[in-house]
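User: Can you walk me through this one? I'd like to keep it quick.
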Amino acid sequence: MEENRVIDVQDLTKRFGTVTAVDGLSFHVARGEILGLLGPNGAGKTTTIQLLLGLTTPTSGSIRVFGRDLQKSRHEFLQRVNFSSAYVALPSNLTVRENLTLFARLYGIRRAAGKIAEMLELFGVGQAIGKITGSLSSGQVTRVNLAKAFLNDPEVLFLDEPTASLDPDIADTVRTTLRDIQRRRGVAMIYTSHNMREIEILCDRVIFLARGAKVAEGSPAEVLARAQAASLEELFITIARDGRVRDTAGAAGDA
Amino acid sequence: MWLRISALLLRYLYLYRRSLPRAMELFFWPVMELLIWGFLTVYLSHVAVPHAVVFLIGSTILWEVFYRSQMAITLSVSEDIWVRNIMNIFIAPVRVPELLIATCLLGLIRSLLTGVILGVLAQVFYAFDILAVGPALVPFYVSLLLFGWAVGMCTVGVILRFGQAAEALIWGVPFLLQPLSAVFYPVGILPGWLQAVARVFPSTHVFEGMRIALLTGKVEPSLIATALGLNLVYLAAGAAFFGWMLKRVREKGYLSRLAME
């Protein structure tokens, strides 16, 4: 169902000098699905996300978003997406309210106070609204970041290791909240994490990358069955060490 | 568009409310410079060089307009790099001109605030009236503001491209331009070949014009026109350079590196 695709990537390649960070990658993201982008460090996940957000320009290949070329419609695309990463911070010297008010303005949300309060409550950090962001615990900061990521009711959400700094209890609550929002609002999510258990719980579909290329794709169950692996953790380690996956159904293969 | 520009501007203005170093940077250092140069010039006036006295105080105040204007642009973007917020800004639906306009408006606010404070203090301490420059004060101020914007855009472009390694330029570039702009002495003092270099900068024509205005009470329209004309070229070049640097940054994937630095 091509009309259901919010992102469509064809033969995407990015080279930095002699290094090929993303190598002929093709995939799509459907409306309302959670796609896990997996792979060891240096596999090309971050570069792929940067390419999808238009922060980095591709060497070749095409990225279509909502049926349009990303390069020609990046500004409109960014109105409809958002991003949260464990490695990107909100200004620590502003209050949570100030930070979220600024981002509400950047996304063109007028009379944003109600929306800000709703999102903070959703992630269980409503009481932090008047506090200086830098005074919050890392878990609270992560949830404020997530609240910021939902301010504009995004249709596509990029989540880069969003639970990396959370304790298991809060991480579980966040996963449940994300799943709930995804089901209620049909938000597509592109999710990276090194927590393979989390990926199994959350993702409808996964793509494993190694050395910039796709080596496996499918639902977690399909990928595991094809690779004859007991868990995504085991498969991840195999890919990280060998750069390839045994694929009995013949889909992916060598990196 | 103006909602996003106001958001960016507010984001930068918020910083001043809770940061003593930032507030000091806006008021303390300019005031210190004025005091040092001011008292030096009081001394010089006693040794019978009265015009030099007036020129030095006027130059100090006007130089701050340029300095604060370019610092507003460079420090604003650098601040977002330092606190790892730069990715959030670049994945928000903010167009590059909107980002530049917001930082330029901040430069306008900063330079106005600093200029007014220094003008008042100069009157109180040294009986120097900056308004004695006459109506030319407005185009002089605008020229230095615009030149600050242009230099700021170039500097930010280099910072985005080279990261923290290039941050010394925030403070270094203005001081590189200061001796070449004949801020505290007439351009004629410079060696002949350096005079030609100095006249390439709009700031040189502003300070030459200021000295003429203070000395004779007359405005030299050709100096104002030259400064404003040069500024148009510098602004266009600054914006183009920033755009080119950003294009290179996107090609090389440096934005994520900036976010991680």
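User: In which sense do strand S3 and strand S9 of chain A pair, and over how many bridges?
Analyst: Strand S3 (residues 34-38) and strand S9 (residues 205-210) of chain A pair in the parallel sense, over four bridges. Strands are DSSP runs (E, at least two residues) and helices too (H or I, at least four), numbered from the N terminus. Two strands pair if DSSP finds at least two bridges between them. This is a predicted model: local features need pLDDT of at least 70, side-chain atom pairs count only at pLDDT 80 or more, and totals for chains, interfaces and linings use all residues. Residues are numbered from 1 along each chain as its sequence is written, with chains lettered from A and ligands numbered from 1 in the order written.

User: Which residue in S9(A) is the bridge partner of A:Gly36?
Analyst: A:Val206.

User: What is the strand order of the sheet?
Analyst: S6-S7-S8-S3-S9-S10 in chain A, an open sheet of six strands with mixed pairing. The edge strands are S6 (81-85) and S10 (213-218) of chain A, each pairing on one side only. The twist averages 15° from one strand to the next.

User: Which helix lies across S9 and S10 of chain A?
Analyst: Helix H8 (residues 220-227) of chain A, running at about 110° to S10(A). Axes are lines fitted to C-alpha atoms, for helices over the stretch in contact, and angles run from 0 to 180 degrees between N-to-C directions. Contact means C-beta atoms, placed from the backbone, within 7 Å.

User: Switching to the core. Which residues touch the most other members?
Analyst: Among them are A:Phe208, A:Leu209 and B:Leu62, in a largest nonpolar core of 153 residues. Such a core is a set of buried Ala, Val, Leu, Ile, Met, Phe, Trp, Tyr and Cys residues joined through C-beta atoms within 7 Å. Buried means 20 or more other C-beta atoms within 10 Å of a residue's own. Helix H3 (residues 50-82) of chain B gives the largest share of this core, 17 residues.

User: What is A:Leu209 in contact with?
Analyst: Leaving aside neighbours within four places in sequence, its contacts include A:Leu37, A:Ala43 and A:Val215.

User: How many helices and strands are there in chain B?
Analyst: Eleven helices and zero strands. Of its 261 residues, 46% count as buried.

How values were computed. Contact = placed C-beta atoms within 7 Å. Buried ≥ 20, exposed ≤ 12 C-beta atoms within 10 Å, placed from the backbone.
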